[in-house]
Every structure is written in structure tokens, then in C-alpha cells.
Amino acid sequence: MALSDEYDVHNLLTVGVLEIIADSKKVSKIAKRKLTGEALNNFNLIEEYWHGKNIE
């Protein structure tokens, strides 16, 4: 989904999954170990946006 060229698919990943995960520190730590590539990059950007740069 993170590699999709379709805006709606990418938006669904961002809003429907990654933003929800970013709400929990415990789940965020797990996600950072499991996500890779562009999905991890997107997740890190969302965390920076929601919580600032000093997340951990």
C-alpha cells in the first residue's frame, strides 16, 4: 500500500492504519520493528507530525 501510486490507497494506509498505530507508544515500538521500506518511512513521518521529533 505504501508503494501505491494511487492517492486513495496511500491515504487509506496513512489514515486508516498508520495514524491509529501512532496513537500508542507500545504499538508504535512494535510497528517500528515490523514495518520496512516506504511503510516505515511513512510511519516515521506521521509520528514526527503527531508527536514531534523526540518520540522515544
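1. Helix α2 passes helix α3 in a left-handed crossing, a term used where the near helix is turned anticlockwise from the far one by less than a right angle.

2. The model is predicted: local features need pLDDT of at least 70 and side-chain atom pairs pLDDT 80 or more, whereas totals for chains, interfaces and linings use all residues. Residues are numbered from 1 along each chain as its sequence is written, and side-chain values use heavy atoms, without hydrogens and water.

3. The axes of α2 (residues 25–34) and α3 (residues 37–51) come within 9 Å and cross at roughly 150°. The two helices are therefore roughly antiparallel to each other (angles over 145 degrees).

4. The chain holds 3 helices and 0 strands, in the order α-α-α along the sequence. Helices here are DSSP runs of H or I with at least four residues, and strands are E runs of at least two.

5. The radius of gyration, taken over C-alpha atoms, is 11 Å, close to the 10 Å that the globule rule gives for 56 residues, so the chain is as compact as a globular protein of that length. That rule is 2.2 Å times the number of residues to the power 0.38. The C-alpha trace spans about 30 × 20 × 15 Å along its principal axes.

6. Of the 56 residues, 23% count as buried (under 20% relative accessible area, 1.4 Å probe).

Technical notes. Axes are lines fitted to C-alpha atoms, for helices over the stretch in contact, and angles run from 0 to 180 degrees between N-to-C directions. Angles under 35 degrees count as roughly parallel, over 145 as roughly antiparallel, 65 to 115 as roughly perpendicular and the rest as oblique. Buried means under 20% relative accessible area, exposed over 50%, partly exposed in between (1.4 Å probe, protein chains only).
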